[in-house]
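Welcome! Please take a moment with the sequence and the model shown here, and then read on for a guided tour.

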Amino acid sequence: MQIRRTNWPLRIGTVLVSFLVVLGIVGPHIAPYELDFQEKLHSETVNGKTVIVMPPLAPSAEHWLGTDKWGYDLLTLLLHGAPYTIFVTLAVALLRVLLGTLVGLYIGIQDKPQRWWLSVENAWSYLPLFIPVYFLLRGVSINPELPTSTLVALFIGAAAVLGVPSVASSIRQKTEQIKETQFVLAAVSMGAGREQILFRHVLPHIKEQVIVILVTETVAVMTLMGLLGMFDLFIGGTKMTYDPVLFHSMTHEWAGLLGSYRGFVYSNTPWVFAIPLAAFMFAVGSFSLLAKGLRDHFRETYQRTPYI
Amino acid sequence: MSYVRQLIGMFLLVVAVCGAPFMLYTDKDEVHVSPENVIVRTVYLLEQIADGSLGTYWVGNTERSIAQDIGPFALSTFELLFFSVLIAVAVSLLFGLFLQRFGAVHQLQRALDVIATVPDFVLIMLAILAAIQFYKWTGIRIITLSPFSDADNNWFPLTILAIGPTIFLMKGVSLKYAQIGGEDYIRTALAKGMGIWHILVHHVYKNVKPFLVADLKKTIAITVANLFVVEYLLNVVGLTRFIFSKDGGFEFNAAVMGLMSIVLLSILVYVLIRAILYLFERAFVYK
């Protein structure tokens, strides 16, 4: 018997992820300013002297997280972007896991290895996912003529479908292992059909793995959104202005803000970049912590201590 | 024959990916889906290849020949890719397997676990920030952002590129190590009084290797994904320049040639790493 230690990553991760979900729901309603509120260039009298106030403004009582170069309140932008960041990520991860589990189960249960599927998995594992997603959405996303909702739906569809092979691959391998066990053999000899075996015998054995994959996929989707942001493709549309060439996120989704403010790394006003970075890292960190917690939890339940 | 078929499949995949912006676009509030555009461009590309040239691409206002540039670009990309994956494999075998049982290594892994929660592209940006700060404090330059400089400090992009795959591979290897360490045959070997190095090499390594090889493809894919960010943010002149040019335009010919070369290079890297693992085994495992 081993004594169970408190699994802190699991607890903290659960709390943080719940907080993020709540933030996604109430975010736009508790934002301190309107979305189009802009702090204009103006002068103020401080100690009898006239001072010109020029955005980007540093974090202060009026603007808790400061403003960006165009005078928009960063906290407001982040709160308005939160639903997109969180629910788009969750939607993609859920769809991936749902489709991937189904495909993996049905392909894993086949008597012969499915050559065509193996070659799909193989080819897909070489290509980083953000490249096909980027090229697919590039034509419609920059200065879009489609509504934001359509673009978000397009991204969800593309990222989910293109991510299926990697999820299906691990489910398939697990299914192939379980297919060989005695209890499946017993079920077959008792006359169980394919669905019976898959959903009564195989799925209960991999359900924990499916949960872990779901959370890890969430992190992967966030990374994908961040990478697309690096190359100026933002979820829900990129607004591109010419002269100077600038890219803005239309939904103010966190990865998009991070991407569009990345030029401020080198500036004298680093908070414009650091605050979206902190928000994005907070979201990724919460999900990674949850994933680690879940993984530790299942490992403690099933694994033996190594001898060496 | 099957290799040729796979290569043709790869080529078609690359063409489909690079052609996507011409396949799906909007014009006057209408979404156009027109796969025929891709076929026209592919035929044109194949004609140019048949002519012996690979076409041209634009850098700013200069038209340059792809065939002329692809060699040096591929070389620098290959260097980055190959050495990063090599570092990842060597480090994760060394610390994830052979030195795993020492306490200090556990601390190192815990630190890496924390770093691993940060997405790779953020790490790359933070590394640039850190390098600039380091220069401000000490005056020692470890980073060159100018693309016109000589590649005298290739090691900085290389180290940064190696972080992501190392973390991924190390995680996989040490997870397998913990699993295999709990097997009965390890206990038997220990009970028989075999030396720890003998067990590590002959029992643990041999059982970890299939998973290492299976993870190798994913490792290379991660390295390639990070390669795009490293070359883009650090201004390294390499193959990704054909695909994401900083000054705007997207060119089909260049993108296809760039992506196809990257795919071929990653296959080459995979084969080379397998060869190095084979040599390692000949020298240390099956002497």
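The model is predicted. Chain A has 308 residues, and 49% of them are buried. Chain A meets chain B in a contact that takes 42 residues from chain A and 55 residues from chain B.

**Chain A as a whole**

- The secondary structure of chain A consists of nine helices and four strands.
- The C-alpha trace of chain A spans about 90 × 50 × 40 Å along its principal axes.
- Among the contacts in chain A with a separation of 6 or more, 74% are between residues 24 or more positions apart.

**Where chain B and chain A meet**

- Together, chain B and chain A bury about 4500 Å², and 75% of that area is on carbon and sulfur atoms.
- On the chain B side, the elements that each supply at least two residues are α1 (2-23), β1 (24-27), α5 (120-138), α6 (155-181), α7 (184-191), α8 (196-233) and α9 (252-285).
- Of these elements, α8(B) gives the most to the side that touches chain A, with twelve residues.
- Sorted by class, the side of chain B that touches chain A has 40 nonpolar, seven polar and eight charged residues.
- How many salt bridges cross the interface of chain B and chain A? The rule finds zero salt bridges there.
- For polar contacts between chain B and chain A, the count is one residue pair, with both residues at pLDDT 80 or more.

**Aromatic rings**

- A pair of aromatic rings is described by the distance of the centres and the angle of the planes.
- Y134(A) and F135(A) form an edge-to-face pair, with 5.5 Å from centre to centre and 80° between the planes.
- The angle of 80° between the planes of Y134(A) and F135(A) is over 60 degrees, which is why the pair counts as edge-to-face.
- Y134(A) is buried, with a relative accessible area of 5%, and F135(A) is buried too, with a relative accessible area of 0%.
- F98(B) and W197(B) form a stacked pair, with 6.3 Å from centre to centre and 20° between the planes.
- F98(B) lies in helix α3 (residues 66-98) of chain B and W197(B) in helix α8 of chain B, so this pair ties together parts that are 99 residues apart in sequence.
- One aromatic cluster brings together residues of chain A and chain B: F130(A), Y134(A), F135(A), F231(A), F228(B) and Y232(B).

- N7(A) sits in the segment before α1 (8-30) of chain A and is buried, with a relative accessible area of 15%.
- The side chain of N7(A) reaches the backbone nitrogen of L10(A) at 3.2 Å.
- That side chain of N7(A) also reaches the backbone oxygen of G293(A) at 3.0 Å.
- Apart from neighbours within four places in sequence, N7(A) is in contact with G293(A), D296(A) and H297(A).

**A192(A), in a loop**

- A192(A) lies in the loop between α6 (182-189) and α7 (194-230) of chain A.
- With a relative accessible area of 23%, A192(A) is partly exposed, because buried means under 20%.
- Leaving out residues up to four places away in sequence, A192(A) touches A187(A) and I197(A).

**V215(A), in a helix**

- Where does V215(A) lie? V215(A) is found in helix α7 of chain A and is buried, with a relative accessible area of 7%.
- V215(A) touches F287(A), L290(A), A291(A) and L294(A), not counting residues up to four places away in sequence.
- From C-alpha to C-alpha, V215(A) and L289(A) are 9.5 Å apart in space, while in sequence they are 74 residues apart.

Methods:
Residues numbered from 1 in each chain as written. Chains lettered and ligands numbered in written order. Predicted model: local features only at pLDDT ≥ 70, side-chain atom pairs only at ≥ 80, totals over all residues. Heavy atoms only, no water. Contact = heavy atoms within 4.5 Å. Buried area = accessible area lost by both parts, 1.4 Å probe. Salt bridge = Lys/Arg side-chain N within 4 Å of Asp/Glu carboxyl O. Polar contact = N/O pair within 3.5 Å; in protein donor to acceptor, adjacent residues only side chain to side chain. Nonpolar A, V, L, I, M, F, W, Y, C, P; charged D, E, K, R; others polar. Phe/Tyr/Trp six-rings, centres within 6.5 Å; stacked < 30°, edge-to-face > 60°. Buried < 20%, exposed > 50% of the residue type's maximum accessible area, 1.4 Å probe, protein only.
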